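The sequence and structure come first, and the description follows.

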Amino acid sequence: MSDDDRPYDLVVWGATGFAGRLVAAYLTDQYTPESLSLALGGRSPDRLASVAADVTDGSEAWDDVPTVVGDATEPRTLREIARSARVVCTTVGPYTKYGTPLVDACVEAGTDYCDLTGEVNWIRETVDRYHEAAAEAGTRIVHSCGFDSVPADIGTLLVQSFALDEHDAPCETVRIYVDDASGGVSGGTLASMAAVFGAAAEDSNVRETLRNPYSLAPAGERDGVDPGEQRLPRRDPLRSGWTAPSPMAPVNERVVRRSNALLGYPWGRELRCSEVIPTGRGLTGAAGATLVAGGLGLFTAVMSVGPVRAALQRHVFPDPGEGPSEEQMEHGHFTVSVVGRGTGGDGTFTVEAEFGADLDPGYGAAARMLGESAICLVRDDVDSPLGGGVLTPASAIGLPLVDRLRAVGFRATVGEAE
Ligand SMILES: NC(=O)c1ccc[n+]([C@@H]2O[C@H](COP(=O)([O-])OP(=O)(O)OC[C@H]3O[C@@H](n4cnc5c(N)ncnc54)[C@H](OP(=O)(O)O)[C@@H]3O)[C@@H](O)[C@H]2O)c1
């Protein structure tokens, strides 16, 4: 089927969910029916109609938005949706539970795809099952186009591109600092975390994927010098002060390593990449790092126990579809800094990139990151040597995504570190 025969440029699949609504609202606010042939997808015609009415209400550009109905548990409906669009972007999660049939349908239909997943076990599943077929067919399956892992992956690309341009050498070490992140968490995100813990409890291959720092690298390239996530409070090797483990490090670090591998190791086979949360200097910094590391360790321990996990989901976590309040999202903001250190002809150098926005990182910002990733795929506005495969934001799209995000209010800078 040629792209010209497809009625839609883009289907937002999961438009009735918490994140999906935000993506739909963002795209209809930012684009017009003339510039983007958009459809909203989901399983409930009534809920879809209500979202379509909400996002067009008061809009000068959109009278209505078409909707497409299917169900993640009915692959035939997903194949129809995949055949109707050039690109599908999806927020239907947990991806571990609902994601695979849509990837399958997109690979079969030759439809480009992007999502918000941070579920490492599931990314590995699609790598193993679909990378080769998608690469051969020239279909781009781009995972992790939200807060995990755009700031880390694209921030690393900014740093490494600068190092290669200015010093003719890549950074051997990249350290990602979540300097600031203020926002909420949705029921869907917590359900996805629970799905990863559940999969790990049941399957030793999943446990191995979560253990091996190189588990998202191509087959045959799944080892190296990088020791993997920091698990304890530590004095930072590059900045003065203390750092704690970051909850997103398990996905972000692996995504960066996959980008490096897919691009043919332009950042070196010995790249060491880590993501942490800085907590400040002196005793306060040490105490802060201990508290964060302890809290994360406790959360991991609790979520690893099946009945406790189920009880938390039933009685404590917000339900799927629920998320942070308007007010929480309005006051959200984040800054991620990526510091790279390398050795060039003139000795060692340090490069720093900063990526951030005055938006809730997981929702307002993630909706824009995913929406603009999808637009890059629709318009083929990418800087990538890869025509297809199971890819990452940096390897599939690259720096054009930074330009688009800057144009909608993100901060993205790079230069020599002071
Ligand atoms: N990386 C990031 O920055 C980031 C940020 C936010 C969210 N996320 C991820 O995005 C995903 C969604 O989060 P969320 O908070 O939006 O979750 P949510 O509100 O629970 O939304 C889930 C969506 O999936 C749909 N769905 C569930 N079962 C389905 C089925 N059988 N067929 C079709 N659709 C089905 C739901 O439809 P109904 O409305 O009909 O129930 C809803 O639209 C999660 O995996 C989360 O971790 C990532």
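## A helix across the sheet

Helix α7 (residues 150–167) lies across β7 (171–182), β10 (272–280), β11, β12 and β14, and it runs at about 145° to β12. Helices (DSSP runs of H or I, at least four residues) and strands (runs of E, at least two) are numbered from the N terminus; contact means heavy atoms within 4.5 Å; and axes are lines fitted to C-alpha atoms, for helices over the stretch in contact, with angles between N-to-C directions running from 0 to 180 degrees. Helix α10 (residues 249–262) lies across β7 and β10, running at about 145° to β10.

The model is predicted, so that local features need pLDDT of at least 70 and side-chain atom pairs count only at pLDDT 80 or more, while totals for chains, interfaces and linings use all residues. Residues are numbered from 1 along each chain as its sequence is written, and side-chain values use heavy atoms, with hydrogens and water left out.

## The open sheet

An open sheet of 7 strands has the order β8-β9-β10-β7-β11-β12-β14, with mixed pairing. Its edges are β8 (234–235) and β14 (411–416), each of which has a single partner strand, so one side of each is left without a neighbour in the sheet. Two strands count as paired if DSSP finds at least two bridges between them; β11 (residues 333–344) and β12 (residues 347–357) are joined in the antiparallel sense over 11 bridges, and threonine 343 stands opposite threonine 348 in β12.

Serine 274 has its place in strand β10. Serine 274 is buried, with a relative accessible area of 14%, where buried means under 20%, exposed over 50% and partly exposed in between (1.4 Å probe, protein chains only). Its side chain makes a polar contact of 2.8 Å with the side chain of arginine 175; a polar contact is a pair of N or O atoms within 3.5 Å, and within protein one must be able to donate a hydrogen and the other to accept it, with residues adjacent in sequence counting only if both atoms are side-chain atoms. Leaving aside residues up to four places away in sequence, serine 274 touches Val174, Arg175, Ile176 and Glu253.

## Strand β1 and its partners

In strand β1 (residues 8–13), 6 of the 6 residues are buried, so the strand is largely enclosed by the rest of the structure. With strand β4 (residues 85–90), β1 pairs in the parallel sense over 5 bridges, whereas 4 bridges join β1 to strand β2 (residues 38–42), and these two also run parallel. Valine 12 stands opposite cysteine 89 in β4 and opposite leucine 40 in β2.

Helix α8 (residues 187–202) has 16 residues and reaches 22 Å from its first C-alpha to its last, close to the 22 Å expected at 1.5 Å a residue, the expected span being 1.5 Å times one less than the number of residues. Among its buried residues are Leu190, Ala194, Val196 and Ala199, and the cover over the buried residues of α8 includes α4 (95–98), α6 (120–137), α9 (204–211), α11 (282–303) and α12 (306–316).

Asparagine 121 is found in helix α6 and is buried, with a relative accessible area of 8%. Its side chain is joined to that of threonine 96 by a polar contact of 3.3 Å. Not counting residues up to four places away in sequence, asparagine 121 touches Thr96, Val196, Ala199, Val206 and Thr209.

Of the 19 residues of α14, 16 are buried, so the helix is largely enclosed by the rest of the structure. Helix α14 (residues 361–379) should span 27 Å at 1.5 Å a residue, and its end C-alpha atoms are 25 Å apart, which agrees. The helix bends by about 25° at alanine 367, the bend being the angle between axes fitted to the seven residues ending there and the seven starting there. Aspartate 360 caps the N-terminal end of α14, with a side-chain oxygen 3.1 Å from the backbone nitrogen of glycine 362.

Just after α14, aspartate 380 takes a positive phi of about 50°, and aspartate 381 lies in the loop between α14 and β13 (389–391). Aspartate 381 is partly exposed, with a relative accessible area of 27%, and its side chain is joined to that of arginine 404 by a polar contact of 3.0 Å. Apart from residues up to four places away in sequence, aspartate 381 touches Cys376, Ile397, Pro400 and Arg404.
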